[in-house]
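Here is a short briefing on one structure. The points are grouped by topic.

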Amino acid sequence: MKVLIVEDEKLSADRLAQMVRKIEPDVEILAQIDSVKRTVEWLANQPVPDLLFLDIQLADGLSFEIFERVEVTVPIIFTTAYDEYAIKAFKVNSVDYLLKPIDDDELKAALRKFNSLTKPSGGPSGLPLDKLENLLAGLSKSYKERFIIKVGDHLKSVEVADIDHFVSQEKATFAQNREGKRFIIDFTLDQAEALIDPLVFFRINRKYIVSFKSIKDIIAWSNSRLRLVLHNCDDIDVVVAREKVNAFKMWLDR
């Protein structure tokens, strides 16, 4: 089986490749690609793989843009931290939709589904519509409602709904509330991102996760980036990374 992995985080791509090889020892990983542009170029110039693992949020935009630029006939297993794109995913050759962090058993089930849905000729037979409702029902995900923080010798609860933004500074992760108070939480920024609702919060760069309500102003910045002015925040470097600008605009326009 020839597999193409499209994932913008190298560690995640390497881990997925390792997991696939463990389940399917004879698999050939043709390439690991991190952007919409490079994926379009690869699909336009290389033989069609048997299976495509496709992350939804890539370095330069959403992977759905790929289907607007090049014809894609290969069956797809989507991998993403967000379940909000599930219905759209099933319109483009989707075999399954795995939420990160990917579980071994779920990956095995997805590969079994791929094998069972693949015609003898090698083409995808598609996901039976009568199974779509059950699959989507399994995608519902609950998000963290509060963080427990330590204040001196006391433990206190901070409601996620009251958090304006998360910021990583000096090897610590802080949550700032509506009043401008900051609290250290016992999670990395990556861990916090996976725990909170992506409809409410957006990871704009390696340092900041912001809530929609925290944004006071958006300013066009250099190199096609955007600078944000946040409530109760004096940092002038709250900038949306260039590769995240398109996804950020889509997040805003809901």
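Buried means under 20% relative accessible area, exposed over 50%, and partly exposed in between, with a 1.4 Å probe and protein chains only. Alanine 110 has a relative accessible area of 0%, so this residue is buried. The model is predicted: local features need pLDDT of at least 70, side-chain atom pairs count only at pLDDT 80 or more, and totals for chains, interfaces and linings use all residues. Residues are numbered from 1 along each chain as its sequence is written, and side-chain values use heavy atoms, with hydrogens and water left out.

**Alanine 110 and its surroundings**
- Helix H5 (residues 104-117) holds alanine 110; helices (H or I, at least four residues) and strands (E, at least two) are DSSP runs, numbered from the N terminus.
- Beyond its neighbours within four places in sequence, alanine 110 is in contact with Ile77, Val95, Asp96 and Leu98, where contact means heavy atoms within 4.5 Å.
- Valine 95 is 15 residues from alanine 110 along the chain, and their C-alpha atoms are 7.4 Å apart.

**Strands S6 and S7**
- Six of the six residues of strand S7 (residues 94-99) are buried.
- Strand S6 (residues 76-80) pairs with S7 in the parallel sense, over five bridges; strands pair if DSSP finds at least two bridges between them.
- Phenylalanine 78 has tyrosine 97 in S7 as its bridge partner.

**Serine 214**
- Serine 214 sits in the loop between strand S14 (208-211) and strand S15 (215-220).
- Serine 214 counts as buried because its relative accessibility is 0%.
- A polar atom of the serine 214 side chain lies 2.7 Å from the backbone oxygen of serine 211.
- Leaving out neighbours within four places in sequence, serine 214 is in contact with Asp164, Val229, Leu230 and His231.

**The largest pocket**
- A pocket is an open set of points on a 1 Å grid over the protein atoms alone, where a 1.4 Å probe fits, with protein on both sides within 12 Å along at least five of seven lines; lining residues have an atom within 4 Å of a point.
- The largest pocket has a volume of about 1200 Å³, a volume being the space filled by probe spheres set on the points.
- Its lining has 37 residues, with Asp8, Glu9, Ser12, Asp190 and Glu193 nearest the centre.
- H1 gives the largest share of this lining, five residues.
- Elements that each supply at least two lining residues include helix H1 (10-23), S6 and helix H7 (189-195).

Terms used: A polar contact is a pair of N or O atoms within 3.5 Å; within protein, one must be able to donate a hydrogen and the other to accept it, and residues adjacent in sequence count only if both atoms are side-chain atoms.
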